[in-house]
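Work through the exercises below with the sequence and the model side by side, and try each task before reading its solution.

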Amino acid sequence: MPRTTDGDGTPVPQRLLAAATRLFAEQGYDRTSVQEIVEAAGVTKGALYHYFGSKDDLLHEVYARVLRVQQERLDAFADADEPIEKRLRGAAADVVVTTIENLDDASIFFRSMQHLSPEKNKQVRAERRRYHERFRALVEEGQRAGVFSTATPADLVVDYHFGSVHHLSTWYRPDGPMTPQQVADHLADLLLRALRP
């Protein structure tokens, strides 16, 4: 079991990530110091550097943990024994819901991606590309089967959907008129309407 430094049982890496996420969201990545993160997490700088090599590593992990969940879920939709329309719609709605559920993480990342080291930036691009390629493969599968129109290239369809997903942090509010699932349903329906033959 991972070590903790207090009685609440939360592992140190999760405490560091929670503190970093909150501070990055409130203050911005570039205006948050390592000292502020460790004080908020109730640990020492040594603990931070034991689990994360740098503040840059924390920023990378804020985004990577969301992308890992989204990739696992996309793989499950893609591999399901269901019609292609149902698999694509499920995947399209799911990425919206999981992005909204992790809105601070997504917002932090898109505002701060330029602060990543070139190596971490390259790694994130590869992880995102893998996700987008798997999503695009669903669109292409439906196009080959004649279920989806080929009038719009699959790449453009995917960019259209993910442009909407990446923009969520600029307008979505939890206390707004729509739930995450309602937003997800609307965006997934828009995607499927765009693909109708």
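Domain bounds, as used here, come from an automatic or database domain assignment. The model is predicted, so that local features need pLDDT of at least 70 and side-chain atom pairs count only at pLDDT 80 or more, while totals for chains, interfaces and linings use all residues. Residues are numbered from 1 along each chain as its sequence is written, and side-chain values use heavy atoms, with hydrogens and water left out.

**Exercise 1. Describe the secondary structure and the extent of the chain.**

Step one is to count the elements, where helices (H or I, at least four residues) and strands (E, at least two) are DSSP runs numbered from the N terminus. The chain has nine helices and zero strands, and its pattern along the sequence is therefore written α-α-α-α-α-α-α-α-α. Step two is the extent: along the principal axes, the C-alpha atoms fill a box of roughly 60 × 35 × 35 Å.

**Exercise 2. Find the domains and describe how they meet.**

The assignment gives domain 1 (12–51) and domain 2 (55–195), and their C-alpha centres lie 27 Å apart. In the contact (heavy atoms within 4.5 Å), 12 residues come from domain 1 and 13 residues from domain 2. Next comes the buried area, which is the accessible area (1.4 Å probe) that two parts lose on being put together, summed over both. Domain 1 and domain 2 bury about 1,200 Å² between them, with 71% of it on carbon and sulfur atoms. Of the area that domain 1 buries against domain 2, Leu17, Thr21 and Tyr29 supply 53%, more than any other three residues.

**Exercise 3. Compare the record with the model.**

UniProt positions are given in the numbering used here, feature names are shortened, and annotations may be inferred rather than shown by experiment. In an unreviewed entry, UniProt lists residues 10–70 as "domain: HTH tetR-type"; in the model this span is 77% helix and 0% strand, with its end C-alpha atoms 23 Å apart. UniProt also lists residues 33–52 as "DNA-binding region" (unreviewed entry), and that span is 75% helix and 0% strand, with 14 Å between its end C-alpha atoms.

**Exercise 4. Locate the enclosed space and name its lining.**

On a 1 Å grid over the protein atoms alone, a cavity is a set of points where a 1.4 Å probe fits but cannot get out, and lining residues have an atom within 4 Å of a point. Grid points are joined across faces, edges and corners, and a volume is the space filled by probe spheres set on the points. The search finds one cavity of 30 Å³ or more, and the largest cavity holds about 140 Å³ of space. Its lining has 16 residues, of which Tyr63, Gln70, Thr99, Phe110 and His166 lie nearest its centre. Helix H4 (55–79) gives the most to this lining, with four residues.

Key
1 Å grid on protein atoms, 1.4 Å probe; cavity = no way out; pocket = protein on both sides within 12 Å on 5 of 7 lines; lining within 4 Å.
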